[in-house]
Amino acid sequence: MIEFKNVGKTYSSKRGGDFVAVDNFDLTIQRGQFFCLLGPSGCGKSTVMSMLAGFEAETAGQILFAGRPISGASKERGVVFQGDDSLYTWLSAVENIEFGLKMGGMPAAERRTRAMQWLHLVGLRGQQDKYPTELSGGMKQRIQIARALANEPQTLLMDEPFGALDAQTRGSMQRELRRIWAAAETTVLFITHDIDEAIVLGTHVGVMTAGPRGTLKTVVPIEIEGDRDRSDPRYGIYYEQIHSAIREEVERASKSGV
Amino acid sequence: MSNKSATISGVARPGRKAPWWDSIVGGVPYLFGFLILFVLWHIAATYMMKSVLFPPPLSVLKAALQMIRDGSLLAAISASLVRIAIGFFCGVALGVPIGLAIGNFSLVRKLLEPWTEFFRFVPPTAMITVAVIWFGIGEGSKVFLIIYATIFIVILSTAAGVTSIAPNKVRAAQTLGASPRQIFVYVSLPATMPFILTGMRLAMANSFMTVVAAEMVAAQEGLGVMIWTGRLFMLVDQIFTALLALGLLGFAADRLFRYGIFKFAGQYEPVA
């Protein structure tokens, strides 16, 4: 279980004057949930993820992971980053995927077998010896996902992982992720600014207010079992509900912004 | 024929699956380039600037063969190369850890930056006199100068390499359970490797420059000595032989480094 209790994050600038990125953020994510955090750009959703991952410390409130406060990054919380700069360019695809297992001291043969299974699972059969620079954006993102999943983290944090992909690849990656999540029983926090993606993937969709001082506006549980069908009338209702919530924020952001 | 090989090497990627003869075929344009150099040299020396001061390649080659037979060329080359090897190795062995420390710890950077920024602008050739005064005219002074010529470039590029590692590479390793020591060995070091190699490559060129200058001032043997005594006794062929040897050795050393850089930089990522 993940608990955010009145969490705030303030950056102090060198020129004086503080910037409050996140303020009074309250959220509880139960084990096994697929939580999509949605919000206009600049609302602080990446900051929320970064704090949960342990990359940055909160400046107010408290974040509890399985009842304990977070101190630094840990392999309990796997991360899939937004871009591809987290991949190791000097390692092949399969070597990237087995990186975490190697760090954990798993014997070479065993970790290679496991890494190959994940490689196949994310649809990269036959690409194991390619280097990241030889692969397309979508393939690189799959390596990142496989690398995080191979380590079997309790929780998977994903920061707009499909942002850079074309619509076709994006759709198939979304289906893959749903399938893997259902099979692996992990908790997922998925950051996105795409309403459709949030409804298709999530068991819960959280909408944030516009930044600065971003906070959680509302949480919408998506009560559709199994695969989501965009022609399902419930999809339309959810879309309208979330869309109107986020439109207010986008309008507020554009008024206060420029 | 050379035209055809050029096309082949242009299409084939210099990768793991390339057949063994690919690198040889890829080298053909290089040989061709060298050939042009010698032909132009020959034309210039025999037809345009007929002078004992500018010998054609064949007469230099003859002198070189003569010097290979009596062993003097090899003795000079090995004297210079041993100096470069020792000084270069020591310079890199000292420079890489210092560069890593500067790149990783801002306190070390602040402490050492005045040194690197100061000595970077004092060229090795300016230090020859000091080196001779301190270490005499033996091997010590030459090795010192080559360490000096090597170390600052290696420090700078290593430190630059460390600071250019994408933070997400380190963060990813943390979330995958790597310890700080593992992050250093498996992430920071390989990510910095292309920069270290680039620094070494530049430092190698500097070492060649420095060894010749140092040997001209104070040495019994070496390529610099060959050039200097050649001037004293008007042995122009001997001077050109030394120049030729320097060029070829430098070229070979540089190829070696480029190979290393490409091997470590992820197959096709251009680094240097």
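Predicted model: local features only at pLDDT ≥ 70, side-chain atom pairs only at ≥ 80, totals over all residues.
Visitor: Which residues in H8(B) and H9(B) meet?

Guide: From H8(B) come B:Lys169, B:Val170 and B:Ala173, and these meet B:Ile183, B:Val187 and B:Ala191 of H9(B). Sorted by class, this contact has five nonpolar residues and one charged residue, with no polar ones.

Visitor: How many residues of chain B are in contact with chain A?

Guide: In general, the size of an interface is often given as the accessible area lost when the parts come together. Here we can count residues instead: 17 of chain B are in contact with 22 of chain A. On the side of chain B that touches chain A, helix H8 (167–175) and helix H9 (180–217) each supply at least two residues, and the largest share, six residues, comes from H8(B). By class, that side of chain B has seven nonpolar, seven polar and three charged residues.

Visitor: Which domains does the assignment give for chain A?

Guide: The assignment gives domain 1 (2–76 + 157–257) and domain 2 (86–152), and their centres, taken over C-alpha atoms, are separated by 26 Å. The contact takes 10 residues from domain 1 of chain A and 10 residues from domain 2 of chain A, and the side belonging to domain 1 has seven nonpolar, one polar and two charged residues.

Definitions and conventions
Residues numbered from 1 in each chain as written. Chains lettered and ligands numbered in written order. Domains from an automatic or database assignment. Contact = placed C-beta atoms within 7 Å. Nonpolar A, V, L, I, M, F, W, Y, C, P; charged D, E, K, R; others polar. Helix = DSSP H or I, 4+ residues; strand = E, 2+ residues; numbered from the N terminus.
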